[in-house]
Amino acid sequence: MKRMLMAAVLVSGFVRSALGQVNLPDGFEIVEFAESDTLTWSPRINNCGEIVYVQDRLENSRVYLYDNGKIARLTEADPGRGVFGPDINDAGTVVWARGLLGQPKTWEIVMLANGQRSMLGKGDSPSINGLGHMSWEVFQSYDCNIHNDIMYFDGATVERISRSELTDQVPQINDDDWITWGRQNFCVNPWVGQILLYSEGVPVVLPAEAAQAQAPTINNLGQIAWGTNELGIELWQNGQTRILAGTDSGKNPRLNNLGDIYYIHFDGPGGTLWDGYLYRVSGGAPTIHRLTEDTVWNIDGDINDWVEVVWHWTVGPHDEHGGIRFMRRIRTGDAEFDGDIDLVDHGAFAACITGPGRVDRLCDCRFVDIDCDGDVDLHDFAQFQNAFRGE
Ligand SMILES: [Ca+2]
Ligand SMILES: [Ca+2]
Ligand SMILES: [Ca+2]
Ligand SMILES: [Ca+2]
């Protein structure tokens with residue numbers, strides 16, 4: 001039996017702010033959900049458009065799953081013990097950490113797969129790949145650095161792949177079980193940071209121009225990108241590192257498997273506002289799209305292979321009011337986004353028909369749920385027919 005609790009079906013509202021210099025890619029729109037007074041954070045998205053995120057302050061936080069307009073709560077409130085850092089893969093397996101606020105020795109990894117929950121051991125900051133393999137960190141001790149072991153889970157056993165006297169954190173894994181993470185030294189001033197890659201049994205340091213490399217992201221092309229404090233986004237591939245032109249002082253990048261990157265950048269008067277940006281290569285020549293320009297902070301997020309981007313926003317650094325923004329594909333009946341609505345799309349539509357009534361995990365069929373009510377039925381077909389051009 002599924003243990004998730006269903007929340008009310010959401011009514012998504014369009015972003016209301018005037019977005020002056022915003023330059024969304026063609027065929028996308030931004031919707032908002034999960035607005036709250038008590039923190040909404042840490043969204044991750046898979047290729048089915050499913051989004052996991054955390055809501056509420058850490059001591060009382062819970063994991064939620066957004067799927068094509070519906071929100072389900074995956075964890076119950078457990079006063080004093082929070083959840084954080086969720087991730088989700090295309091199979092719908094969700095993983096997160098839970099534990100007591102400020103007591104990292106209590107933190108442990110929880111996996112939810114096919115309605116079954118399991119505990120995988122101590123740790124936090126889990127990252128899951130398409131095979132259900134994972135990486136995470138395990139707190140050991142701290143001085144001026146936070147000593148974390150970096151772990152690899154192959155679906156059956158957990159193995160430690162790194163231990164250092166520096167600050168190793170936030171490992172990310174791709175489908176080839178390559179694991180990358182940042183290693184900082186905060187015992188020197190200014191601090192310094194390196195990016196590591198574990199792909200052949202021993203961690204190696206990747207060449208970086210930046211002295212303060214941090215927070216890497218990895219994809220299935222074997223690309224690794226990270227933020228720097230001074231240079232913009234650096235991208236490593238096949239032994240070479242280069243700086244991505246135009247991403248000056250961009251931070252916290254997230255790669256999809258096409259090489260597109262969501263990142264954030266300090267904008268606005270006095271450098272007081274963060275905005276979300278998309279560095280896109282899948283549309284042809286690299287283009288930079290500014291996704292937001294308003295008076296709130298648009299911060300960390302994630303991107304999938306449909307170039308859909310999710311991130312969280314907050315009123316400001318000391319304000320817990322905020323929510324999730326989701327840049328999704330506009331639904332026109334074009335099922336594979338090649339710019340037309342033809343017999344190929346007609347075939348996709350026919351294969352996706354569900355009849356009336358919400359269906360979970362529509363996945364790629366969500367794109368022909370044209371009226372966004374969770375099914376693919378005759379109402380959607382009527383809209384499809386109006387748009388159909390034949391050929
Ligand atoms: Ca098409
Ligand atoms: Ca076509
Ligand atoms: Ca319907
Ligand atoms: Ca529908």
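# Strand pairing, cores and domains

Me: In strand 22, which residue is the bridge partner of I224?
Reply: This is a predicted model, in which local features need pLDDT of at least 70, side-chain atom pairs count only at pLDDT 80 or more, and totals for chains, interfaces and linings use all residues. Residues are numbered from 1 along each chain as its sequence is written, and chains are lettered from A and ligands numbered from 1 in the order in which they are written. Strand 21 (residues 224-227) and strand 22 (residues 234-237) pair in the antiparallel sense over three bridges, where a strand is a DSSP run of E of at least two residues, numbered from the N terminus, and pairing takes at least two DSSP bridges. W226 stands opposite E234 in strand 22, and the bridge partner of I224 in that strand is W236.

Me: Which strands stand at the edges of the open sheet of four strands?
Reply: The strand order is 20-21-22-23, with antiparallel pairing.

Me: Which residue takes a positive phi in the hairpin of strand 22 and strand 23?
Reply: These two strands pair in the antiparallel sense over four bridges, and L235 stands opposite R242 in strand 23. In the hairpin of strand 21 and strand 22, with six residues between the strands, G232 takes a positive phi near 105 degrees. The hairpin of strand 22 and strand 23 has two residues between the strands, and the positive phi, near 50 degrees, belongs to N238.

Me: Is I195 buried or exposed?
Reply: I195 lies in strand 18 (residues 192-198). Leaving aside neighbours within four places in sequence, its contacts (C-beta atoms, placed from the backbone, within 7 Å) include L206, I224 and W226. A residue counts as buried with 20 or more other C-beta atoms within 10 Å of its own, exposed with 12 or fewer, and partly exposed in between. Because I195 has 25 such atoms within 10 Å, I195 is buried.

Me: How many residues does the largest nonpolar core have?
Reply: A nonpolar core is a set of buried Ala, Val, Leu, Ile, Met, Phe, Trp, Tyr and Cys residues joined through C-beta atoms within 7 Å. Among the residues with the most contacts inside the largest one are I51, Y53 and V309; Y53 is in contact with Y64, H312 and I324, among others. A second, separate core has ten residues, including A335 and F384. The largest core has 70 residues.

Me: How many residues of domain 2 are in contact with domain 1?
Reply: An automatic or database domain assignment gives domain 1 (5-11 + 31-329) and domain 2 (343-387). Their centres, taken over C-alpha atoms, are 31 Å apart. Domain 1 contributes eight residues to the contact, and domain 2 contributes ten.

Me: Is L343 buried or exposed?
Reply: L343 is in helix 1 (residues 343-352), a helix being a DSSP run of H or I of at least four residues. L343 and E165 are 178 residues apart in sequence and 60 Å apart in space, C-alpha to C-alpha. With 12 other C-beta atoms within 10 Å, L343 is exposed.

Note on methods. Two residues are in contact if their C-beta atoms, placed from the backbone, lie within 7 Å.
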